[in-house]
Amino acid sequence: MNVTQQNYRYEFGECVIEPYLNRVCRDGKEYQLEHRAIETLRYLLDHAGEIVSPEELLGSVWADRIVEPNVIHRNLSRIRHSLGDDPYVPHYIETISKRGYRTIAPVRKLEAVDQGDLNSLNIAKDVRVLPEQALHDTSSNTRRVKTTWAIAVASLLSIFGVLWVNNVLDKQTLNVDAAYVEAAYVNAQSVVSQTILHEPPTNSIAVLPFENLSPNPDDAYFAAGIHEEVINRLFGISDLSVIAHTSVLGFADSSKSIRDIASELGVQTVMTGSVRYAADRVRIAVQLVDANSTSLIWLQSYERDLNDIFEIQDEIAANIASQLNTDLLVEQLAENKSRNPQAYILYLQARHLLGLGLGGDDVNRIQRAETLLGEALQLDPNDITVMMELMRLYLQKEQADIISVENGIEIRRSMILSALAVDPDHAVANAWLGWHAMFSDGDMQHAAHRYERATAAAPRNVNIIRSAVPVMLKFGRIKDAKILAEYLKKHDPLCAICLENLAKVYLITGEFSAATAAARSAVALAPQNQNASAILGIALMLNQQNQAALTVFGHLENVIRREYLSALTLHNLDQETGFTNYITALIAQQPTHLLAIATTYAWRGDLDEAFDWLDKTVQEGFERYQHDVFGGPNDPLLENLKEDPRWQVFLENIGQAPHQLDKFDFEITLPE
């Protein structure tokens, strides 16, 4: 039996401590601790009865980071809470004034846990390393969207970086067997190695989530908001490669070393920090570390009134630009100069509430967020950031069935127009309006105009770029879509929707092996995402891995998608009886799935049948039949049709022939 010290359990008074599960068991209840807290407790237990100094704890538990000493007090408070201990009348851990801490309850190490048993528990310290565990979590309720508008809402939520829901189309997590895991999912430890294929740029940085040192734990929203704002500022530094906010969140309180994190994210420097917010005073401490040598490049603390919060953020960005010998784009900072700090606090509180995602008491949670944002607008009627958050709130209202999709669209449009009335060149507002024009109004010309303005104003904004990839595909701008998608691969490597769209681009360009790798990573990061699973299956099939593809397709929840994609694979395997059975079932369910039937015939080479069914989609209104994986002129599954003269007629009928798309004369500004 391979046993290491970390696999021991402890009896501590009337509690049981299980460090490998980050867990304290007391009075029949379980309390989860963050990794640093459980390591602090473990160190004290391993030195039972000894006085352990703060310096000793910092040197052991935080050996890979430079932090402020009061981080120990924060972790001891969490530990005492889990133990039910009173710091003034302690029964477990006492504080020795000016010397340190000592355990006073009896400590006994229990038998070690076998490594094989540990593996069966799906233990992970990093929340990103849980694809298999997530696969078997069937607690979420299934919510199916029945309208084309709701599908567009799903895309908006994912593409613009709104992390409230995992998947709008189908929230039920897959429950799959070992064969599917082997075929469809990669070990999450290798996700980044598949997506980060470049050497770290000379000037590159990842900003890890800031630690909340505020006296009130509920003020964690403030530290999270400051963290995101600092990253946004850094994207305004020319010649600096920055990792997006969504890709660093999984490293909160990670046990991984700075060097390992930097290697995974493909950066040369890493920034860490802490935030303390109390009584309208803000203290932010940040440090910049060279990832290769782990040496400190720069360290600074800022303590100011809340009114100076935006100046602090600007100063941090300016100091980093100076340390890395790059230039700060001053115009990127202008937006925040006149913002109201109190309105900003309300905005951060609302953003935190909306970030909790759907589930539980959605109505009260969303209403509370709406009240906070309303109060923020009263304080600062011209705060565009608040307007954009209100707009996204209405997306969540639609998904929670609080308002109708039709009402939501009109309200969102009104909020966007209000924002543009304040600043006609606001990048995010222009991108949102462009998305609405494309997918709600079908006005491609207006969409082109808005994305031209959005990318000109903020060519490095990852949220805008996420949304621009499918828009460029809609315009047939495959080259631009690829540039944008690969930019996201570099700057937002752990974004599942980004990797999903990258896989789609690679499928269109015929790079099937690259598509398979990107789709595998997307699925590993978001195993509940049915779109990513379908794209993975298509990539495997096009890459001649038909058995693996059939396994993936067999576990798709959407019946139509499962049947028509499985039919394609069975044809590849010369199993024509199975193919016929599937297509017969599809036809029996028409006319709701005409495009799937057309695609199935096209794949087998039955061109007359395929075009007959495509004609039916045009008669019924082609847009309603475009499935959310492909559909339309870029669909690699319709490749057999593209040499037939009828293909051009079909494209003209749906308004997507090359000469029709060429009339949209616009240019987007690509990121450098």
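Biologist: Which residue in strand 7 is the bridge partner of Glu 11?

Modeller: The partner of Glu 11 in strand 7 is Arg 108. A word on the basis before going on. This is a predicted model, in which local features need pLDDT of at least 70 and side-chain atom pairs count only at pLDDT 80 or more, while totals for chains, interfaces and linings use all residues. Residues are numbered from 1 along each chain as its sequence is written, and side-chain values use heavy atoms, with hydrogens and water left out.

Now the sheet. Strand 1 (residues 10-12) meets strand 7 in the antiparallel sense, over three bridges. Two strands count as paired when DSSP finds at least two bridges between them. Strands (E, at least two residues) and helices (H or I, at least four) are DSSP runs, numbered from the N terminus. The open sheet holds five strands in the order 4-3-2-1-7, with antiparallel pairing. Strand 4 (29-32) and strand 7 (107-109) form the edges, each pairing on one side only. From one strand to the next, the twist averages 20 degrees. Helix 1 (residues 35-46) packs on this sheet. Helix 1 touches strand 1, strand 2 (15-18), strand 3 (23-26) and strand 7. Its direction makes about 80 degrees with that of strand 1. Axes here are lines fitted to C-alpha atoms, for helices over the stretch in contact (heavy atoms within 4.5 Å). Angles run from 0 to 180 degrees between N-to-C directions.

Two cysteines come next, Cys 15 and Cys 25. Cys 15 counts as buried, at 1% relative accessibility. Buried means under 20% relative accessible area, exposed over 50%, and partly exposed in between (1.4 Å probe, protein chains only). The cysteine sulfur closest to that of Cys 15 belongs to Cys 25, at 8.8 Å, which is too far for a bond. Cys 25 is in no disulfide.

A disulfide here is a pair of cysteine sulfur atoms within 2.5 Å. By this rule there is one disulfide. It joins Cys 495 to Cys 498, with S to S at 2.3 Å. The torsion about that S-S bond is about 75 degrees, so the disulfide of Cys 495 and Cys 498 is right-handed. Cys 495 and Cys 498 are both buried.

Other strands pair elsewhere. Strand 12 (residues 269-278) has eight of its 10 residues buried, so the rest of the structure largely encloses it. Strand 8 (residues 204-207) pairs with strand 12 in the parallel sense over three bridges. There, Val 207 stands opposite Met 271. Strand 9 (residues 211-212) is also parallel to strand 12, over two bridges. Asn 212 faces Val 275 in that pairing. With strand 13 (residues 281-290), strand 12 pairs in the antiparallel sense over 10 bridges. Met 271 stands opposite Leu 288 of strand 13. Strand 12 and strand 13 make a hairpin with two residues between the strands. In that hairpin, Ala 279 takes a positive phi near 50 degrees.

Further along is a covered helix. Helix 27 (residues 594-604) has 10 of its 11 residues buried. Among them are Leu 594, Ile 597, Tyr 601 and Trp 603. The cover includes helix 23 (530-542), helix 25 (559-572), helix 26 (576-589) and helix 28 (607-620). Gly 605 follows helix 27, with a positive phi near 95 degrees.

Finally, the whole chain. It has 30 helices and 15 strands. Of its 672 residues, 55% are buried. Among contacts between residues at least 6 apart in sequence, 65% join residues at least 24 apart.

pLDDT is the predictor's confidence in each residue, from 0 to 100. The chain averages 80, and 80% of the residues score at least 70.
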